[in-house]
Each structure stands twice: as C-alpha cells, then as structure tokens.
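Trainee: I would like to learn how to read a model like this. Please take me through the features one by one.

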Amino acid sequence: MLRKCPICELNYIRGNETMCRTCAAERTHRYAPAADDEIIMCSECGEKPALPGYELCEDCLKEQKRQANLEILADKVRADEADDPLEEDITEPADED
Ligand SMILES: [Zn+2]
Ligand SMILES: [Zn+2]
C-alpha cells in the first residue's frame, strides 16, 4: 500500500517507510556526520564544505580574496593619484615637429 511521503508530500512511500528515498537521501546528506571530522558547510554558498579554520569554502574564499584585492588595488590607485598628480606629465612623450 502506498501513501504520500509526510516530508515532501510529493513522492509515494510504502507502509513501512517513514519517508521517500529523496527525503531519506537528503537527510542522510544533511545530518549524517561525515567520517571523523565534523564538516562545516560554507556560510556563503552552503553547497561546499568550508575549509578548516574558515567559514567559507575554497571557492568563496578565493572570491572573497579577489574582492579584497580589488579593493586594495582601488585604494592604491586612488592613493597614487593623490600622491603624484604630476607624474603623468613627465612621462608623456614630447610632441616634436
Ligand atoms: Zn519525501
Ligand atoms: Zn562557498
């Protein structure tokens, strides 16, 4: 006898099952402790395990570093422009005729 899965209410399950295979797989994936170490999922994407000591996965960490570098770079450019406003004039090629 089939009845609907009480969790997703989409799939049918048999009388002695508490949830459908989809939900069972999802729960196993979500709650089963992995091997030895506790795996913390990335707080950014939530799809990949975070690196040890970090809250983010490798990809998100790279992205975060990239963003940080861009900001540092932007700050540097702004600082350079502020420091040496005339430097560009010196390096400009002379217009000879
Ligand atoms: Zn289900
Ligand atoms: Zn991530």
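Trainee: Which helices and strands does the protein have, and in what order?

Mentor: Helices (H or I, at least four residues) and strands (E, at least two) are DSSP runs, numbered from the N terminus. Here there are three helices and two strands. They run β-β-α-α-α from the N terminus. This is a predicted model: local features need pLDDT of at least 70, side-chain atom pairs count only at pLDDT 80 or more, and totals for chains, interfaces and linings use all residues. Residues are numbered from 1 along each chain as its sequence is written, while chains are lettered from A and ligands numbered from 1 in the order in which they are written.

Trainee: Where is confidence lowest, and where is it highest?

Mentor: pLDDT is the predictor's confidence in each residue, from 0 to 100. Where it is low, the predicted coordinates should not be read in detail. The protein's mean is 83, with 79% of residues at 70 or more. Helix α3 (residues 87–91) is lowest, at a mean of 61. Strand β2 is highest, at 92.

Trainee: How many residues of α2 are buried?

Mentor: Buried means 20 or more other C-beta atoms within 10 Å of the residue's own; exposed means 12 or fewer; partly exposed lies in between; C-beta atoms are placed from the backbone. Of the 26 residues in α2, one is buried. Across the 97 residues of the protein, the buried share is 6%.
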